[in-house]
Number of protein chains: 2
Amino acid sequence: MVHLTTALDAASAVPLYEQLYKSLADEMRAGTLAAGTRMPGKRRLAAELSVSVNTVDAAYQLLAAEGYLESRERSGFYVQEYLALPQRTEPEMQAAAPVQPPEPKDTPVQFDLSTRGVDPGLFPFRTWARLQKELLYSSPELLTHGDAQGDIELRQALAEYLEEYRGVRCGADQIVVGAGLEYLLGLLAPLLPGTAAVENPGYPRARQVLANNGVSCCCLPVDEGGLSIEALYRSGAAVCYVTPSHQFPTGVTMPAGRRAELLRWASRQPGQRYIIEDDYDSEFRFDTRPLPSLQGMAGADGPVVYLSTCSRSLAPSIRIAYMVLPRHLLPAWQRTYRLYSSPVGRFEQQTLARFITEGYFTRHLARERVAYKARRDALAKALTGAFGPGELKLMGLHTGLHLLAKLADPPADAALRAAAAQAGMQFSLLSDFDLTGSRQEKCGTLVLGYGSLADDACPLVGETLKRVCTAAREASSGR
Amino acid sequence: MVHLTTALDAASAVPLYEQLYKSLADEMRAGTLAAGTRMPGKRRLAAELSVSVNTVDAAYQLLAAEGYLESRERSGFYVQEYLALPQRTEPEMQAAAPVQPPEPKDTPVQFDLSTRGVDPGLFPFRTWARLQKELLYSSPELLTHGDAQGDIELRQALAEYLEEYRGVRCGADQIVVGAGLEYLLGLLAPLLPGTAAVENPGYPRARQVLANNGVSCCCLPVDEGGLSIEALYRSGAAVCYVTPSHQFPTGVTMPAGRRAELLRWASRQPGQRYIIEDDYDSEFRFDTRPLPSLQGMAGADGPVVYLSTCSRSLAPSIRIAYMVLPRHLLPAWQRTYRLYSSPVGRFEQQTLARFITEGYFTRHLARERVAYKARRDALAKALTGAFGPGELKLMGLHTGLHLLAKLADPPADAALRAAAAQAGMQFSLLSDFDLTGSRQEKCGTLVLGYGSLADDACPLVGETLKRVCTAAREASSGR
């Protein structure tokens, strides 16, 4: 006779057969119901437990499907030896280390003006969920291994989108889909011919990825036209990592003339010099038409590797980035990464492919542009309203999801940081992006991201920032 | 007056406001409706087009949300300059390279016996889709940046699962979630102290990833107890990459004694020698209880990096793998990858976390074990039935999703491959996994994966394989 250690509860939301299954499985794992035991007949057990025969039958079937019971013809169900758990033969197992609780968070941030936030409210939840669900049910073949460069449907959709909206010239065969900048830049690194020049101030992550993958980096200055081409020639670098659409973090757009100079630098030594064009944020140009990509100026087999991501246009947690390789790099790529799999799940790839080809992506981007432009305007208005004339100069407004605010009479960075933390405000200073590490003590230029800012919080942000600056100035001057 | 280039179609499945939106947007992009134009009032346009005022209103609102129209108070809607397209100032743009069609597939494969297939029919579509949808609607915070090592909920779930089922000793802080072996092994490589020993025959991908990341590899022989420890000592390697649960591809399980020897090798030079334990396929042990992991024998701060993946237990296209680092490697890890983001989407991470913590994962694995064990039995029965006694020896049956079949009188490999291709059969030979590249001409051992094989196809696979061998032998002997 089977004694259930846990009584069945007809009032529970968990179906009775599930409760019975669980109770029996527990006993088999614990050994109370030993391997080889013949289970009571369904009718008998049903009567004993005052449940229906169907309940017992469903529980037995579940136990058989999971390997707890074996059904022998005309003889009934027998308890199997359950093999899931490892054999604990080792003499003295060390006690498991306690699971660490998550790190305690900093003091609560009321105003997040960091540069990597986006507005979750703009995410196309309904369309994304519908496409995702349709694919999961209709396309079981997407469970199998996909193409190492990414699913062809996504690469084709990206090639068409990039051609139309960014002037990129490429075939789907030149596109590599990857799980973020780190992954793609990490794979690209071994194929690069030498030292890389990076912009300074610049994007610390790109530099870290290059350095981690054995590419030594030199930092070149940025002026109001972007990276200095003169410095690039002097540096002797073979690779140039640039953000021409929206220099990170200064927000400068490289003008057409400088772009042509940059391409000339690369084309002087074909196959020996490359430009990595990180086109992040180019979707968010508010006041003038965007310039086409450098890659498009250079052509499908030019010296430019084009790189972009959906982190900003969709969400940071949707890990899909992509890279366009010059055609002549494809053989080396395929040789080196012949055995690799794509790091991006195929359901996500196909969801994005449909999102693009069915027209949702460009409409989503259009909506985002309108929303972010309005927010930029609100923030700029709040800042100029809160500070006196001449106290603050705004820069880098025309593109992307952050702007720069230069203080006329800046307090020390440390005082500014302390005052901001106390006011529950999070932002970066331009000096945080000095990749040479030579920090000025008084930087005076704030980098204010508004991606994740609420529209109606803008006036308060202006006032709070003014208070933060005043407090920092007082602390700074020792009052 | 607005002239629509496309007539509205009341009978279409596309709502009228969508049709009107599209038609007007097209004209604004084409310039037919120029920037600055004042749009007709809603009532007037509705009357002109014989549609309701609501239809016109919905279309105008959509156009405003996407930046085509600007609404001015008490004055109506005005056409904006639409800024999405890049300014095409470059003199001679090169024509876009044609999109390449996907590579033509090989002749159709009727029987896929490759080692990386799994059965899509076992994937828990309904549960996965439900969890995914719930998360998408209930947790918009998952759109933001997550932890670089992976979401804490998933790492905690994995730590508990691994402790219970694989005897792994770790805290969630030691786990790194990544998008596949390539990604994790690639990040691990720079932290390793020197040359890596790999098993031979072995897993070509792991070797390629290590080599691509600057780790030189030496190939050590495998016997019936797994990797030779004697050869490991002689090699001078500092790192040892092993598959002790189910040596790939031979299927050998490393016995407890050899495991202890391997750990002794590493512990002789603490911090200078590491074991990478790739525990792939350990979920699929059919006949005896699995041994606990090497990592568990060594403890949370031992010399073992534990590595596993959901490619086999869930699906190859769900790109979630994970790694357990020894505690003393964590500072170096965090220093090196401080600025990185996790490559796995957070919705997928959280879907898996719930799938594990709500008990679905272990039940799913139990079902898979039952199904794959039955398939292994069917394939083994079909093979021994089709071949005469002594003609074929089966090996590596007890774990994983492939088995080895050694032919007593093997034809040449090339003939075997040609005959298999002609019969629409795909499988590997043991010599394909010889990482030294020194291929024997007559290997005679087939590696037969049954993950993606249909149960009822097994008898036909046996017969076809027998015919393939006969045909290859005839071709081989020149008849």
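A: The account below begins with the interface and then turns to contacts inside the chains.

The model is predicted. Chain A is superposed on chain B by a rotation of 180° with 0.0 Å of shift along its axis, at an RMSD of 0.2 Å. That is the relation of a two-fold axis. Both copies use the same surface, since 100% of the contact residues of chain A recur in chain B.

The contact draws 98 residues from chain A and 98 residues from chain B. Between them, chain A and chain B bury about 9100 Å², and 57% of this area is on carbon and sulfur atoms.

Polar and charged pairs also cross this interface. The rule finds 29 residue pairs in polar contact between chain A and chain B, both residues being at pLDDT 80 or more. Helix α4 (residues 125-138) of chain A supplies 7 residues, the largest share of the side of chain A that touches chain B. By class, that side of chain A comprises 51 nonpolar, 22 polar and 25 charged residues. The salt bridges between chain A and chain B number 3. A salt bridge joins B:Glu66 to A:Arg363, with 3.0 Å between the closest N and O atoms.

Over all chains, the structure holds 51 salt bridges. In chain A, the side chains of A:Lys22 and A:Asp26 form a salt bridge with an N to O distance of 3.1 Å. These two residues are 4 residues apart in helix α1 (residues 16-30) of chain A, which means that about one helical turn separates them. A:Lys22 is partly exposed at a relative accessible area of 49%, and A:Asp26 is also partly exposed, at 25%.

B:Glu48 and B:Arg44 form a salt bridge whose closest N and O atoms are 3.3 Å apart. Both residues belong to helix α2 (residues 42-49) of chain B, where they are 4 residues apart, about one turn of the helix. B:Glu48 is partly exposed at 31% relative accessibility, and B:Arg44 is partly exposed at 46%.

Another salt bridge in chain B links separate elements. The side chains of B:Asp279 and B:Arg166 meet at 2.6 Å, N to O. B:Asp279 is in the loop between β9 (274-278) and α10 (294-298) of chain B, while B:Arg166 is in helix α5 (residues 152-166) of chain B, so the pair ties together parts that are 113 residues apart in sequence. Both B:Asp279 and B:Arg166 are buried. In chain A, salt bridges with shared partners join A:Asp119, A:Arg375 and A:Asp455 into one network.

B:His246 is placed in the loop between β8 (239-242) and α9 (256-267) of chain B. With a relative accessible area of 0%, B:His246 is buried. A polar atom of the side chain of B:His246 lies 3.1 Å from the backbone oxygen of B:Thr399. Leaving aside residues up to four places away in sequence, B:His246 touches several residues, among them B:Gly251, B:Val252, B:Tyr280 and B:Asp281. The residues touched by B:His246 also include B:Gly396, B:Thr399, B:Gly400, B:Leu401 and B:His402.

Definitions and conventions:
Residues are numbered from 1 along each chain as its sequence is written. Chains are lettered from A and ligands numbered from 1 in the order in which they are written. This is a predicted model: local features need pLDDT of at least 70, side-chain atom pairs count only at pLDDT 80 or more; totals for chains, interfaces and linings use all residues. Side-chain values use heavy atoms; hydrogens and water are left out. Copies are superposed by least squares on the C-alpha atoms of residues with pLDDT of at least 70 in both. Contact means heavy atoms within 4.5 Å. Buried means under 20% relative accessible area, exposed over 50%, partly exposed in between (1.4 Å probe, protein chains only). A polar contact is a pair of N or O atoms within 3.5 Å; within protein, one must be able to donate a hydrogen and the other to accept it, and residues adjacent in sequence count only if both atoms are side-chain atoms. Buried area is the accessible area (1.4 Å probe) that two parts lose on being put together, summed over both. A salt bridge is a side-chain nitrogen of Lys or Arg within 4 Å of a carboxyl oxygen of Asp or Glu. Ala, Val, Leu, Ile, Met, Phe, Trp, Tyr, Cys and Pro count as nonpolar, Asp, Glu, Lys and Arg as charged, and the others, Gly among them, as polar.
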